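Trainee: Please show me the model, and then let us go through it by question and answer.

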There are 2 protein chains.
Amino acid sequence: MAELDELDQALLRELQRDARRTNRELAAATGVSPSTSLERVRSLRERGVIRGFLVDLDLEEVGRPVQALIAVRIRPPSRANIEAFREWASRLPETVGVFVVSGGEDFLIHVAVPDNKFLYAFVIDRLTQRPEVADVRTSVVYEHIRSPVIEPATPARRRR
Amino acid sequence: MAELDELDQALLRELQRDARRTNRELAAATGVSPSTSLERVRSLRERGVIRGFLVDLDLEEVGRPVQALIAVRIRPPSRANIEAFREWASRLPETVGVFVVSGGEDFLIHVAVPDNKFLYAFVIDRLTQRPEVADVRTSVVYEHIRSPVIEPATPARRRR
DNA sequence: GATGAAATAGATCGTAC
DNA sequence: GTACGATCTATTTCATC
């Protein structure tokens with residue numbers, strides 16, 4: 001787990017608000033020189049704290065206004081079945097994300113599709129074609145809120 | 001819904017791979033001049049297709065290696081209760097995202113916490129303190145895969 | 001709309017503290 | 001680890017097609 005001091009945390013906060021802020025803006029917002037913030041952000045990437053930079057698409061504008069979470073039970077839940085399904089599901093064009101979970105189900109697939117008809121067809125035609133799929137439970141997503149800022153749970157440590 | 005021609009789609013694909021690609025790289029990758037790609041990306045932002053740019057944090061490195069999806073049932077599921085709970089849940093520091101859903105439950109809260117002890121305490125101490133929470137079901141997330149590229153479901157349209 | 005050149009602004013690196 | 005300043009590179013604007 002990475003050690004993150006006050007400056008690292010401040011930079012992460014700023015970048016979560018807007019990942020395209022220029023290095024100069026970051027430096028000004030955190031009260032250090034541009035070369036320092038540049039070096040720190042590079043270090044955060046190298047240490048794997050920052051995995052990359054993503055674009056936040058509006059799923060409605062992109063023709064996928066209907067979202068759903070589809071809980072899937074795999075039987076038998078062998079490693080072979082789980083891994084095969086995970087690979088298959090995460091590659092579908094409808095898939096936004098895949099959660100591999102414990103509990104009543106083995107997977108939760110987050111999908112975004114053009115309409116309800118498409119969603120229904122996806123569930124009853126495509127998902128159930130997989131022989132390892134034993135059970136499917138669909139929940140329509142009315143709204144998906146992402147937290148704007150995730151704070152590190154690490155206590156701040158001094159690095160100087 | 002936005003109309004997206006071939007160039008728009010190509011730019012979205014490139015930006016989803018790495019949202020920090022420079023405008024020059026985008027232009028080279030899509031075969032247009034830098035000023036054209038700059039203008040197109042700006043248009044995508046103005047039209048709301050691109051909602052913003054996010055940093056992809058590694059939740060483990062940030063001290064939150066344990067993820068869970070917590071299904072919550074609200075009783076009665078009145079607008080007042082639903083909205084109050086949504087606001088409360090989406091502001092918690094443990095929360096990564098909140099899904100408002102149909103079906104057996106009303107919410108699915110995606111949380112990331114330091115360890116299982118913390119998760120358990122979160123569920124039995126904090127969630128159940130809310131009077132409108134009637135039922136809670138926790139699934140631990142072993143793995144969360146995000147789709148690297150979401151393709152528009154819109155058929156390409158000509159804009160020239 | 002798209003282009004290419006010119007002006008503005010930012011990223012980056014060497015050097016010093 | 002940090003700051004300053006010079007250099008290199010990218011962004012942005014504008015006249016033109």
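This is a predicted model: local features need pLDDT of at least 70, side-chain atom pairs count only at pLDDT 80 or more; totals for chains, interfaces and linings use all residues.

Mentor: Residues are numbered from 1 along each chain as its sequence is written, chains are lettered from A and ligands numbered from 1 in the order in which they are written, and side-chain values use heavy atoms, with hydrogens and water left out.

Trainee: In what order do the elements of chain A run from the N terminus on?

Mentor: Helices (H or I, at least four residues) and strands (E, at least two) are DSSP runs, numbered from the N terminus. Chain A has five helices and five strands. Their order is α-α-α-β-β-α-β-β-α-β.

Trainee: How far apart do the C-alpha centres of domain 1 and domain 2 of chain A lie?

Mentor: Domain bounds come from an automatic or database domain assignment. In chain A this gives domain 1 (6-47) and domain 2 (66-141). Their C-alpha centres are separated by 38 Å.

Trainee: What radius of gyration does chain A have?

Mentor: The C-alpha trace of chain A spans about 55 × 35 × 20 Å along its principal axes. The radius of gyration is taken over C-alpha atoms, and the globule rule is 2.2 Å times the number of residues to the power 0.38. For a compact globule of 160 residues the value would be near 15 Å, but for chain A it is 21 Å.

Trainee: Which elements give two or more residues to the surface near DNA strand D?

Mentor: A residue is near a strand if one of its heavy atoms lies within 4 Å of it. Residues from both chains surround DNA strand D, among them Val32(A), Thr36(A), Arg40(A), Asn23(B) and Arg42(B). Sugar and phosphate make up 68% of the atoms of DNA strand D that come within 4 Å of the protein. A polar contact is a pair of N or O atoms within 3.5 Å; within protein, one must be able to donate a hydrogen and the other to accept it, and residues adjacent in sequence count only if both atoms are side-chain atoms.

Trainee: And the elements themselves?

Mentor: Phosphate oxygens of DNA strand D lie 2.7 Å from an N or O atom in the side chain of Thr36(A), and 2.8 Å from a polar backbone atom of Asn23(B). The elements asked for are helix H3 (34-46) of chain A, with helix H2 (23-30) and helix H3 (34-46) of chain B.

Trainee: How do the residues near DNA strand C divide by class?

Mentor: DNA strand C is surrounded by twelve residues, the closest being Asn23(A), Arg24(A), Leu38(A), Thr36(B) and Arg40(B). Ala, Val, Leu, Ile, Met, Phe, Trp, Tyr, Cys and Pro count as nonpolar, Asp, Glu, Lys and Arg as charged, and the others, Gly among them, as polar. The surface near DNA strand C has two nonpolar, six polar and four charged residues.

Trainee: Which residue of chain B places a polar side-chain atom 3.2 Å from a phosphate oxygen of DNA strand C?

Mentor: From chain A, a polar backbone atom of Arg24(A) is 3.1 Å from a phosphate oxygen of DNA strand C, and a polar side-chain atom of Arg42(A) is 3.3 Å from one. The residue of chain B at 3.2 Å is Ser33(B).

Trainee: What is omega for the peptide bond from Arg75(B) to Pro76(B)?

Mentor: Most peptide bonds are trans. Pro76(B) sits in the loop between strand E2 (66-74) and H4 of chain B. The bond from Arg75(B) is cis, and its omega is near -10°.

Trainee: Which residue has its backbone oxygen 2.8 Å from a polar atom of the side chain of Asn81(B)?

Mentor: Asn81(B) is part of helix H4 (residues 79-90) of chain B. With contact meaning heavy atoms within 4.5 Å, and residues up to four places away in sequence not counted, Asn81(B) touches Ile74(B), Arg75(B), Pro76(B) and Glu132(B). The backbone oxygen at 2.8 Å belongs to Pro76(B).

Trainee: Is Ser139(B) buried or exposed?

Mentor: Ser139(B) lies in strand E5 (residues 133-146) of chain B, and its contacts include Val101(A) and Ser102(A). Buried means under 20% relative accessible area, exposed over 50%, and partly exposed in between (1.4 Å probe, protein chains only). Because its relative accessibility is 10%, Ser139(B) counts as buried.
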